Structure formats: structure tokens, C-alpha cells
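Me: I have a protein chain to go through and would like to know what stands behind the terms used for it. Please set each one against its definition.

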Amino acid sequence: MDPKKKFELNQRIVDSAHQYRRKGFLRNTLMAASIMVLLTVGSFIWWIQNDVDDTGLSIMRHAASVEADMNGESNVKLVLSNDREVRINENSVDIAYSSNGQNVQINNSENIKQQDPGNKEPVYNTILVPYGKRSQIVLSDGSKVWLNAGTKFTYPAKFSEKRREVFLLGEAIFEVTHDADNPFYVVTEDYQVKVLGTVFNVSSYADDGFTSTALESGRVEIDFPRTPGLENQVVKMLPGTLTTYRKSEKQLKLIKTDIEQYMSWRKGSFIFNNCELRNIVKKIARHYNMQITIENEKLEQRKFSGSLDINEDIEHTLNILKETASFNYHKENNQILINQTNEVPMK
């Protein structure tokens, strides 16, 4: 690839990733690593640093061309071929592709969107799920993807015959259709996940300090093609294990764990196991698209276990949590402030 074009493309993708970061969202919230260790994928820089084929360049150009201001967007936005946009004003959105990638059905509607899936050259779609929203997609190969709040997901309308590739910035859970001859790849900023047919998740939000993968069933392999010191590292995961890579420390860890706590959000609940309150609050803030600040350092470090029903409104969720955590909260300047009970100002 021509060095000048490579540099220009790199800048476009980096700029796109920066636009994705929440502008001020949770700026005052403690930036501890999220306990949401679900399938999320970072940016596309790995592909820029390697020699990539036309397919890789095409999907990167498409992803970089789609602006993603998750803080300012209120609707789920689906970008089809020819940059045609479909906006969906619902909290939960179901999208299903036909096997040829031509027909796209939204929320079981009879009004089916149509597009040219491409013959020789693949056609890529992008979905933007803003904070406070969620979405589920059935891809052309039958694979299911649950997208959490604040996610940008780019994928082919119809997969090629040799390699199934998707790019994700945000958080998702994947249930991949088995196809041994055509592996499924999820690319992250820190590593790529190779899948043959399995259920797993990965988490790599732009404002988190880690990327992680939790495996529920099947088999996945993780490699680090461009991470200094880990270029030849391959992690082979078994069900019931969690791989975490912390970016600043360049620390890789593989442990056995209870996977349900990383999969529960797609069923409408958060499960916590000895988690600090600041990490619990960060998940709640993303889910409800609300700025939340804990104003007491000792309180934010307290650990809790249990579950929360996130199908209810935020006040109900916080009221359930505060019964155990012994805190109080109030709204001020369009954000929620959490205090120790005896520190809540009189209103």
C-alpha cells in the first residue's frame, strides 16, 4: 500500500474512533474498568499496521465514513449500501438479514429494506447503537449478535466464502453459526478473536482500560499480531474462562469464572460478583445514558454481589441498589450524584 494513502486512511479511522468516544459522558464519573466483560471490540488500527487486502480496506473505509456521536444520538442508526440511513426510535431493535444480504427486516416489520449486497465486491453495513439503547442482529450466515449501549458495529451484508470478518467498537455478545471452512473473526484494538462456532463476548470500550473475552461455549483463539511482546502469543480458550488484556500494563490473564455475569445483560439483568460500586455505576450509566458521579471515595470502592433488573427505570434500579449499598442520591444539573446517606444535601 502507498505510504501516503496508508497514513491518510489511518488518520480517518483514528478520527472516527475519537468521534465515537462520549463527549463529556461520564467525564465526572470515575473511570474504573467496567465490570462488563462482554464481547466488545476496539478500533481498526491493527489492520492499518498490517498489509491488508482490498476487502479489509473497503470495510475500514465504510466504518470510518460513518460518524458515531453516541452522546448526541437518540435513535439507533443503520447505514446500508450507498450510505442509505435508517433511523429507529425504539429502545430495543431487532434486525435480520436474508441469506443473500439483500433484504433487511427491522422489528419483524412487513416493510423490508432492500439493498444490493454486491457480487464481486462485498457491501458493508454499519449500525450505531447510542447510549440507552440496545439491538440484536441476525447476520446473513445466521450468526446472532447482541449489541449493547454505545456500540458501533460494521459487517458485510453477505459474507465472503473464505473469511467472515466483523469490526466492533463498543460491546456485544456473539452466537456464531458453525462453519469450519469459513472462520469468523472479531477484530479489536488489542487482539483478534478467531471463532469456529460458539457463544462468547468481548469488551473493549474506548474509555475502558482493558479488552476481554468471556467464553460460554465452543472454542475461540485469541492472538496479538501487533502488540509488542505478544506477537507470537496465542490464547486458546475453553468454556467457562475469561481472557483479559489490560492495555497500560500490557498484562494478559486467563482465568476460570462464572460466565453468566458477563452474558446476563442480553436477558435484561446485571449480575455482580464482588464488584466495586464505581464499576456497577458505570454499567448503569451506560445502560440508561445518564451521567452518574459518586462523591465519596470510600463508597465507590465498596464491593457488592447480586443482580439488578435493568428493564425498570433508573430510579427503580438505584433504589434497589441503595438498599444494600447504604447510599443516597439526587439529581443536579442533569446528572445523578451519589453520596453517603448522611451527606445528601437537603432539598
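Reply: Start with pairing: two strands pair if DSSP finds at least two bridges between them. Strands themselves are DSSP runs of E with at least two residues, and helices are runs of H or I with at least four, both numbered from the N terminus. This is a predicted model, in which local features need pLDDT of at least 70 and side-chain atom pairs count only at pLDDT 80 or more, while totals for chains, interfaces and linings use all residues. Residues are numbered from 1 along each chain as its sequence is written, and side-chain values use heavy atoms, with hydrogens and water left out.

Me: What makes strand 10 and strand 12 a pair?

Reply: They are joined over 4 bridges, in the parallel sense, and the definition asks for at least two.

Me: Why is strand 10 called largely enclosed?

Reply: Buried means under 20% relative accessible area, exposed over 50%, and partly exposed in between, with a 1.4 Å probe and protein chains only. In strand 10 (residues 164-169), 6 of the 6 residues are buried, so the rest of the structure largely encloses this strand. Arg164, Val166 and Leu168 point one way, and Glu165, Phe167 and Leu169 the other way. In a regular strand the side chains alternate between the two faces of the sheet.

Me: What makes strand 5 and strand 19 edges of their sheet?

Reply: The open sheet has 10 strands in the order 5-4-3-7-8-11-14-15-18-19, with mixed pairing. Strand 5 (113-114) and strand 19 (251-256) each have a single partner strand, so one side of each lacks a neighbour in the sheet. Further in, strand 15 (residues 210-217) and strand 18 (residues 241-246) pair in the antiparallel sense over 6 bridges, with alanine 214 opposite leucine 242.

Me: Which residues touch the most other members of the largest nonpolar core?

Reply: A nonpolar core is a set of buried Ala, Val, Leu, Ile, Met, Phe, Trp, Tyr and Cys residues joined through side-chain atoms within 4.5 Å. The largest has 39 residues, and Leu78, Ile127, Phe153, Phe174 and Phe200 touch the most other members. Strand 3 (residues 92-97) gives the largest share, 3 residues. A second, separate core of 33 residues includes Trp146 and Leu242.
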